[in-house]
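This report describes the packing of helices and strands in a single model. The sequence and structure are shown first, and the description follows.

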Amino acid sequence: KQRPCKMMAGPFKLPNKAEAEAEKKKRAAIKQVKEWVESYIPPEHLANHTCVVDVSEVECGDPNCAPIDTAVRIIYKCSDQGGNVGTIFGVPCEAAEVEQRDIDEMMPPAEYFDAWHKGETKIWPPPPENPEPGEPPDVELRFKVGDRVECCIARGPNGWAPGTIVSHWFRAPQWPTGQFAPYQIKLDSSGNNIFAPQDRDNCIRALKE
C-alpha cells in the first residue's frame, strides 16, 4: 500500500516570466562567449575533450569593480603529468554585455594552446615586467648592517621582534621605480627576512640587550 505523498511547506517560488527571460538571455550570452573562446582553440583539442572551456558569471567582492564578472576558464587536462594547465581571465561585466572584441583582446596567442596541449605550464596573461629600480635615496640611515634592532610587527607592547640588519635600501622587484625600504632585517625568532618601511623609532629601534 502506497503512503500518501506529504507536501512539504517552504518558501518555494516559481520564476516569473521576467526572471525566466533573464535566465534565458544569460544562458544564450554565456553560450555565445564560449563559442568566441573556442574559435581560437584548435578543433582537435576540443573534439577529444583534451581542452574544456567553461564560462560563467561570478560576483566580484571588490567594491571598486563591476558587481558581476564573466569568468572564462580554459582547462587542458594533463592526467599523465598529474595536473591541469591553462588559464582563467575575467571580463568586468555580465555575459550579455561582453563583446567579441573583449574576447579578442584577452585570448592568448596560438603557441600557448600548443604548449598546454603538451602539458607545459605557460602563464597567460604573462606577468608584467619589473620596473627599473632607480637610485636609492641619498640619506644617511641610523643603523649599520649588522646592528641589532627590534622591529614593530604587531600592535601593543609585545609586538616587537628582535633581529639583525642585513642590508640597506631593500626593494622588491615589482615595486615602482624609486621605491625602497631603509632596512632589511633577519628576525631571531623565525630566521625570516622582513623590511622596515621607515627609519623611525615607531617602526624600528635599537635593541636593548
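## Helix α4

Which residues of helix α4 (residues 110-117) are buried? They are Y112, F113, A115 and W116, where buried means under 20% relative accessible area, exposed over 50% and partly exposed in between, with a 1.4 Å probe and protein chains only. Viewed down the α4 axis, these buried residues fall within an arc of 160°, so they line one face of the helix; the arc is taken over the directions from the helix axis to the C-beta atoms. An α-helix has 3.6 residues a turn, so residues three or four places apart point the same way. Helices (H or I, at least four residues) and strands (E, at least two) are DSSP runs, numbered from the N terminus.

The buried residues of α4 pack against α2 (43-47), β2 (68-78) and β3 (83-91), contact being defined as heavy atoms within 4.5 Å. After α4 comes G119, which has a positive phi, near 85°.

## Basis of the model

The model is predicted: local features need pLDDT of at least 70 and side-chain atom pairs count only at pLDDT 80 or more, whereas totals for chains, interfaces and linings use all residues. Residues are numbered from 1 along each chain as its sequence is written, and side-chain values use heavy atoms, with hydrogens and water left out.

## The three-stranded sheet

Strands β1, β2 and β3 form an open sheet in the order β1-β2-β3, with antiparallel pairing; two strands pair if DSSP finds at least two bridges between them. β1 and β3 stand at the edges with a single partner strand each, so one side of each has no neighbour in the sheet. From one strand to the next, the twist averages 20°.

Nine bridges join β1 and β2 in the antiparallel sense, and D54 has R73 in β2 as its bridge partner. Helix α1 packs on the sheet, where it touches β1 and β2, and its direction makes about 140° with that of β1. Helix α4 also packs on the sheet, touching β2 and β3, with its direction at about 50° to that of β2. For these angles, axes are lines fitted to C-alpha atoms, for helices over the stretch in contact, and values run from 0 to 180 degrees between N-to-C directions.

## Helix α1

Helix α1 (residues 17-38) has 22 residues and spans 32 Å from its first C-alpha to its last, close to the 32 Å expected at 1.5 Å a residue; the expected span is 1.5 Å times one less than the number of residues.

A29, I30, V33, W36 and V37 are the buried residues of α1. Seen down the axis, they fall within an arc of 120°, so they line one face of the helix. Their packing partners are β1 (51-59), β2 and α3 (100-106). On the other side of α1, K17, K24, R27 and K31 are exposed.

## C78 and its surroundings

C78 lies in strand β2 and counts as buried, at 5% relative accessibility. Leaving aside neighbours within four places in sequence, C78 is in contact with G83, N84, V85, W116 and G119. The C-alpha atoms of C78 and G119 are separated by 5.7 Å, although these residues are 41 residues apart along the chain.

## The β6-β7 hairpin

Strands β6 (residues 181-187) and β7 (residues 193-196) run antiparallel and are joined by four bridges. I185 has I194 in β7 as its bridge partner. The two strands form a hairpin with five residues between them, and G191 in the turn has a positive phi of about 80°.
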